[in-house]
Number of protein chains: 2
Amino acid sequence: MGFQDHDHQHCVSTALATAEAHCAEQGLRFTPVRRKVLEFLLKEHRALGAYAILDLLRDAGFGSQPPVAYRALDFLTQHGFAHKIERLNAFVACSHPGENHSPAFMICSRCDAVAEASAAVDEDVLGDAAREAGFRIERTIVEAEGICPTCVEKPEA
Amino acid sequence: MGFQDHDHQHCVSTALATAEAHCAEQGLRFTPVRRKVLEFLLKEHRALGAYAILDLLRDAGFGSQPPVAYRALDFLTQHGFAHKIERLNAFVACSHPGENHSPAFMICSRCDAVAEASAAVDEDVLGDAAREAGFRIERTIVEAEGICPTCVEKPEA
DNA sequence: ATCCACCCTGTGATTTTATAACATTAGAAG
DNA sequence: CTTCTAATGTTATAAAATCACAGGGTGGAT
């Protein structure tokens, strides 16, 4: 999945179903708050801050204190249904849940759209340097900032 | 520069001199606050939060409100004398100032030591994916979390 | 030398992001 | 049904970052 258009309604419901199945299989509890948060992230298809999510949760009748959102986000990120974009202090739904991957993102600095690279992009971006240094990598964050195809075509702000 | 030992006093003063020269050359003002902040970062040789820096600044007799630290850090990062580690919301001195590079970091999750990879590690980690997507990359963040050589040898916490 | 414009610094206040601590409730296991 | 654990709700607070405005220094133009 990238920046191109697509059948959004469908991609949202598929992703929710996938997450549900995955949770059932692993004995994880896909509770209403967690489901709702994932749904918000899927619908937006861009990075949402924890407090934006919190507002949506309030509107949807859930608890409205920060931990409610952060806990759901922790769950989703820990189990690979969502990712945190460190650059934005914000969160996106995972584009390829299930496949265990170390994700890489492209972030548009104009419109904040976020795309997750589908290619297994790193598999040791830093591998050589790390081995040389004796450093044991556990996780790698890759985030590219730039201009997305949609914004490239528009006149400069 | 990596995790290994080195003549720290020397590396600090060299780096300060380099920065000073670079600023003179470019017509930039290497003011006392800016110099001091870079000095703190160089001395620590690890990531410092803005508020830690702020405390040090206060002790050194400078202003002690957040903007003082953030402005100096903005200057240093914009001109390549320091980098922000997004994962930690913290800052490190650049290990190869001058060389224009898109840095990659290894962050120890035990002791918070940070090393900047010397290899030109990415030069398009995401290049293919980006071209394919029509995304124009302007900057790429690469941060690996893991265990540094020093901590690997120690017993688990 | 004086004036001016601009950049840098200082400060107070506020916003945004995130976590701690504890009470309550809901689900699964026996 | 009881019990244990995990999840939720709420209050409070911590940590990170920015806004807005007031002074001060520096360098260039006249």
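Biologist: How many residues surround DNA strand C, and which are the closest?

Modeller: This is a predicted model, in which local features need pLDDT of at least 70, side-chain atom pairs count only at pLDDT 80 or more, and totals for chains, interfaces and linings use all residues. Residues are numbered from 1 along each chain as its sequence is written, while chains are lettered from A and ligands numbered from 1 in the order in which they are written. A residue is near a strand or molecule if its C-beta atom, placed from the backbone, lies within 6 Å of it. Here 20 residues surround DNA strand C, and the closest are Pro66(A), Thr31(B), Gly63(B), Gln65(B) and Pro67(B).

Biologist: Which elements give two or more residues to the surface near DNA strand C?

Modeller: Elements are DSSP runs numbered from the N terminus, helices being H or I with at least four residues and strands E with at least two. Near DNA strand C they are α3 (50-59) and α4 (66-78) of chain A, together with α2 (32-44) and α4 (66-78) of chain B, and α4(B) gives the most, with five residues.

Biologist: How does the surface near DNA strand D divide by class?

Modeller: Ala, Val, Leu, Ile, Met, Phe, Trp, Tyr, Cys and Pro count as nonpolar, Asp, Glu, Lys and Arg as charged, and the others, Gly among them, as polar. The surface near DNA strand D has eleven nonpolar, six polar and three charged residues.

Biologist: What rotation superposes chain B on chain A?

Modeller: Copies are superposed by least squares on the C-alpha atoms of residues with pLDDT of at least 70 in both. Chain B is brought onto chain A by a rotation of 180° with 0.0 Å of shift along its axis (RMSD 0.1 Å), which is the relation of a two-fold axis. In chain B, the C-alpha nearest that axis belongs to Val142(B), 2.4 Å from it.

Biologist: At what angle do the axes of α2(B) and α4(B) cross?

Modeller: Two packed helices are described by the angle and the distance between their axes. Axes are lines fitted to C-alpha atoms, for helices over the stretch in contact, and angles run from 0 to 180 degrees between N-to-C directions. The axes of α2(B) and α4(B) come within 9 Å and cross at roughly 80°, so these helices are roughly perpendicular (65 to 115 degrees) to each other.

How values were computed:
Angles under 35 degrees count as roughly parallel, over 145 as roughly antiparallel, 65 to 115 as roughly perpendicular and the rest as oblique.
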